Amino acid sequence: MVGDVELDPGHPSGLLITDRPQRDIILVDRSLPAVTRTQTVLHEVAHLVLDHPGDIRHDHVDRAVEAEAELAADLLYQQLTQAAVRAADDIAGIGRQRWLSGETTSWWADRRSDWHLLHLWMALREGMPDLVIVTTTTATPVPTEIHGSRQRHRTVVEIHEALRALRLWCSPQVHASATSRARRHRLDAATTAAVAEAATIAVALRHRQTAIAPPVVSPQLPPPPHDRHDVRAEARHLAHVERAMRDSPLVAAEIARWAPVGPAALVGPRTTHMIDDIPVVPLPADLSSARSARPV
């Protein structure tokens, strides 16, 4: 049985209860987007399949055990996704026709999304260097170029986990202000959502970096949309958010309004990465021209 509940960001995003006589119960934080909710359920299922010890309070968390369960969850997700694609192709009679259609042009869109996705992952890591999340290894995470759907899925999940940890600093007032500002500029719904989320994240990172204490009560942000069930759609949304954080004057205006502090007041030498360019591998020339021509 799987149930959605309110879980504080200080607690795991999923809990497994195995002391029931006839069924096991998995509780999942209802604030999670659809992709990461599925990953969380599969993570807890992996604990059952691998017969891992543990308790609901997570008093003794073994990072190696959690990494093993997360890796198993990744593999389960990939198998389920591939099975769903094959079943859909068989029903529609598509098969290999997929590669002969215009769908192959989405490869370039995926590559652009992956580049922005990696930068968002790095920005969150830079902004929260003390953050510890469950991943597929116990080693120190390092930025690596995204190759293929499996790495894209892993990056999306880790971004969502980082954003969940940042939720205590996220302000519904900032989100509402950015949404209103974007609508005044007559931006479409997808761009408005990206601008609002980018502004909320950017201000929250600044507040966290300047040691502004989070509110006692968790803020009530708008619930995540449940229409992005696949990794590709979620990756493209997060890429849109990263572009807005980096380039949008509307996001810069919200930062100036809600977190008007100079770089010297921020903690640590890396905190200006939220606005300034992040010193990473430059965008390939064939993508750079496409990016510069696209408004945010």
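Arginine 186 lies in the loop between α5 (172-184) and α6, where helices (H or I, at least four residues) and strands (E, at least two) are DSSP runs, numbered from the N terminus. Arginine 186 has a positive phi of about 60 degrees although it is not a glycine. Most residues other than glycine have a negative phi. At 78% relative accessibility, arginine 186 counts as exposed, because buried means under 20% relative accessible area, exposed over 50%, and partly exposed in between (1.4 Å probe, protein chains only). This is a predicted model, in which local features need pLDDT of at least 70 and side-chain atom pairs count only at pLDDT 80 or more, while totals for chains, interfaces and linings use all residues. Residues are numbered from 1 along each chain as its sequence is written, and side-chain values use heavy atoms, with hydrogens and water left out.

Aspartate 51 also has a positive phi, of about 55 degrees, although it is not a glycine. The place of aspartate 51 is in the loop between α1 (34-49) and α2 (63-92), and with a relative accessible area of 65% aspartate 51 is exposed.

From these loops we can turn to the chain as a whole. The chain holds 9 helices and 3 strands, and from the N terminus on its elements run β-β-β-α-α-α-α-α-α-α-α-α. Of its 296 residues, 45% count as buried. The chain exposes about 16,000 Å², of which carbon and sulfur atoms supply 58%; accessible areas come from the Shrake-Rupley method with a 1.4 Å probe, and for residues only the protein chains shown count as cover.

At 12% relative accessibility leucine 15 counts as buried, and its C-alpha atom is separated by 9.9 Å from that of glycine 3, 12 residues apart along the chain.

Among the helices, α4 (residues 148-166) and α7 (residues 231-247) pack at an angle of about 55 degrees, with their axes 10 Å apart; axes are lines fitted to C-alpha atoms, for helices over the stretch in contact, and angles run from 0 to 180 degrees between N-to-C directions. That makes α4 oblique to α7, since angles under 35 degrees count as roughly parallel, over 145 as roughly antiparallel, 65 to 115 as roughly perpendicular and the rest as oblique. The contact is made by Arg152, His153, Val156, Ile159 and His160 of α4 and by Val231, Glu234, Ala235 and Leu238 of α7. These residues divide into 5 nonpolar, 2 polar and 2 charged, where Ala, Val, Leu, Ile, Met, Phe, Trp, Tyr, Cys and Pro count as nonpolar, Asp, Glu, Lys and Arg as charged, and the others, Gly among them, as polar.

Histidine 153, which lies in helix α4, counts as buried at 1% relative accessibility. Leaving aside its neighbours within four places in sequence, histidine 153 is in contact with Val35, Gln39, Asp74, Tyr77, Gln78 and Val231. Histidine 153 and threonine 36 are 117 residues apart in sequence and 9.2 Å apart in space, C-alpha to C-alpha.

A further pair of helices is α6 (residues 189-209) and α8 (residues 249-258), which pack at an angle of about 35 degrees, with their axes 9 Å apart. The residues that make this contact include Val195, Ala198 and Ala199 of α6 and Leu250, Val251 and Trp258 of α8, and the residues of the contact divide into 9 nonpolar, 1 polar and 2 charged.

How values were computed
Contact = heavy atoms within 4.5 Å.
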